[in-house]
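User: Could you take a close look at one part of this structure for me? I would like to see how a single residue sits in its surroundings.

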Amino acid sequence: MSGWDGFLHGLSVATQPGVLIYCAFGVVLGTFVGVLPGIGAMATISLLLPITYYLSPEAALVMLAGVYYGSQYGGAVASILLRLPGTPQSAVTTLDGYPLAQQGRAGVALFTSMISSFSGSMIGIFVLIVLSGALARAAIAFGAAEYAAMMILGLVAASTVGAKDPAKSLAMVVLGLILGCVGTDVNSGVQRFTFGQTELMDGINLVALAMGLFGVAEVIANIHAAERTGVPPRVALRELLPSRAELRRIPFPALRGASLGSFFGALPGTGSTISSFLAYAAERRISRHPDRFGKGAIEGVAGPEAANNAAAISAFVPTLALGIPGDPIMALMLGALVIHGVQPGPLMLEARPDMFWGLIASFGIGNLLLLILNLPLIGIWVSMLRIPFRWLYPAILIFVCLGVYSVRGSSFDMFAVALIGLVGYALSLARFNPALLLLGFVLGPLIETNLRRALLIARGDPMVFLQRPLAAAFMIAAAGLIVMSLVQVIRRRMRA
Amino acid sequence: MIMSRRAALLGAAAISLCKPAMAQDASWPSQPQHVFVGFPAGSSPDLLARIVTEPLADKLGQPIVIENKPGAGGVIGVQQMLNAKDQQNTFATTINGPLTTAPRLTPNLGYDVAKDIAPVALLATSPLVLVVAADFPADDLAGFIKAAGKEPDALAYGSVGKGSGAHLTAELFSDRAGVEMLHIPFTSYAEVTTAIIGNEIDCGFMAPSAAMQYVQAGKLKILGITSEKPFAKAPGVPVMAGQAGLPDDFRAELWNAFIAPAATDPAVIKTLNTDINAILADDAVQKRMLDMGWQAAGGSPEDLQKRIAQDTKVWGAVLDRINAKQ
């Protein structure tokens, strides 16, 4: 069965009423848990998992997948409106989405995010149908050396995300890298910076870090503003929509973001958080007006949102085609498949074509539902800003606590999120960019693990990074970027 | 919910003040039971726990709440069981690590296996298989050992982390076979499998369920299994013990057990052991476990005690060997 025949066959599975209704339920639920800060797809899917015993395998998987990609839509809402990322992968959307909201253009930002999310997903699905075989082979061909080189390129490329003040940006990236070192060292089994806390053996919880840096810090920052109840005036529907000029700034960033997202999502271990950062960095690099970024650039919303949605779709490639889950959520999806007697992997396409193509077709239907659901919701989300701070912020703190606790039922993480919130507040007072800390935190352990693994496998020979062609290409690109930035700095100095 | 739970705890505390602490309440179990699992929902230790606790709840006539407290290789689940206020209604299921190797590998473990933990029953065991890529030059264990013995570190193997079952089994194997292999730690079997298929590393020990479908797809081959007897889920795979110069008692298995805090009433442990053995004898339960790659076990609390002591010794010696190499 070729890709398109398979997809058509899948549509017949996904449009069965008994499957369709669970698809709709999944995406609606996903949107809402995505909006709530901290409570994400991970917690929701693990809560739903035992319930799926009573469903048909198709309905169960379609629903769980719907929660996953639906949450990517919702994640942007609180990022834009309140500078509170609903999910870690939408953290980068705060950079330009929130300034837009402050300028009274929240509706435009939300519209951009929804449209980009939809385009990103659709492109992701297209890539999945046409290129899933090639992507699966690429995932196998990627060894430790390639991963390490690619992550280094990613780190170099994205370190310029908030490049108003290079020294401060660098400081944040490095702090993130250092925090990423906390926990058990994979190679030696040594506990690093855990101070004897068993809870820190697996490292600092990513959700606690993201929610603390953005969520709790933002709530603290608004305490003194609590009485300044700046209730925005009621906005007409017309003002929610972008102007023609703004509309024209969406397609290309969304397309670029989706391409980046499709690629990175398909590689196990990279995931959608990184792809949204890279999409942002890419938009900023190629823009003719890089100074607009951070002040409400449409491109800064469109690129990352398309990227994380495309990545959410293509993350199914290694999971389904290789049986290799790329992130903890995909591992959970894999578990769900196994519970229902479906073994994902090289044999799945032959053994269970109904399941494989039905799931992929349901992505298309689910995303269409998400678009139809979310466009009318924009007005309602914007009116959320009218809730007085004294009600909104305590509620947010409760949701953050629930969300962080739900990750692994740890009260330690709740104290951690409070502490990280204070640190995040201090950082924002000093005008540091917490998004870069998050980036360093996510990339650091991946770079370290893969770099050391590559060296171990090569029996200690560092030339491995130049002998393997893909790795060498990434390394050269990274070196090129560094040289380019240096040249820019020197030129500016010469002119001054 | 937090309030009501606190109220329940206060109530329980008040009741327990009224009577001698150690006397067995004939009405046990009079309230919902809690079973801690040190792995996330949907993971294989979690699924095993659910397979056993569903019928167990029916037998006890009380609901059983699974508390997933993942982290530190399952150690956090055991710690949380011991930290629970109500030590008569709180139990855990755990893999072998937290009871055997954790005292060596985890600083500030916070518990002493011998003093703080009362074994209840062994639930299930899982052997490991030695896996190589389909194009690996040797087709049997003897050929593999020959290739590995050419020079130290001639072959590299993947594991799911230092001190993991996959790591320790490979080191036990190397020791018994008289070879030295290069250890490359990964974090999941999926990563190890990819690295073997991609010819980045040469081999690895893993659960049969993680390998079988790649064998069927013609990408991997299995050279042997670490159990005493052939395993139904790995048909045609030869037992390693006694082969190619390996000793007859060569055995390495992961296991999963039901445990209680040491303060648990012995009568409660006896009840639980009887019920769990009855559940494990059920064909449907055995089949569900086997489908996940686990062999239902069972036996007395003393059997489990022996198993813990035995494995602590075997793996302790392997850890000594690993530490001596560094």
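In which helix is the place of Ala76(A)?

Analyst: Happy to take you through it, with the reminder that this is a predicted model. Ala76(A) has its place in helix α4 of chain A, which runs over residues 57-82. Ala76(A) counts as buried because it has 34 C-beta neighbours inside 10 Å, where 20 or more are needed. Leaving aside neighbours within four places in sequence, its contacts are Ser90(A), Thr93(A), Gly97(A), Ser113(A) and Glu305(A). As for Ser117(A), 41 residues away along the chain, its C-alpha atom is separated from that of Ala76(A) by 9.4 Å.

For another helix, turn to α11 of chain B, residues 266-280. Its 15 residues should span 21 Å at 1.5 Å a residue, and the end C-alpha atoms are 21 Å apart, so the two agree. Buried in α11(B) are Leu272(B), Asn273(B), Ile276(B), Ile279(B) and Leu280(B). These residues lie on the same side of α11(B), because they cover an arc of only 130° around the axis. Their packing partners in chain B include the helices α2 (44-60), α12 (283-291) and α13 (301-325), and also the strands β4 (117-127), β10 (253-261) and β11 (295-296).

Finally, the two chains meet in a contact that takes 32 residues from chain A and 35 residues from chain B. On the chain B side, two or more residues each come from β2 (64-68), α3 (75-83), β7 (182-185), α9 (189-197) and α10 (208-216). That side of chain B divides into 16 nonpolar, 14 polar and five charged residues.

Note on methods: Residues numbered from 1 in each chain as written. Chains lettered and ligands numbered in written order. Predicted model: local features only at pLDDT ≥ 70, side-chain atom pairs only at ≥ 80, totals over all residues. Contact = placed C-beta atoms within 7 Å. Helix = DSSP H or I, 4+ residues; strand = E, 2+ residues; numbered from the N terminus. Nonpolar A, V, L, I, M, F, W, Y, C, P; charged D, E, K, R; others polar. Expected span 1.5 Å × (residues − 1). Buried ≥ 20, exposed ≤ 12 C-beta atoms within 10 Å, placed from the backbone. Arc of directions from axis to C-beta.
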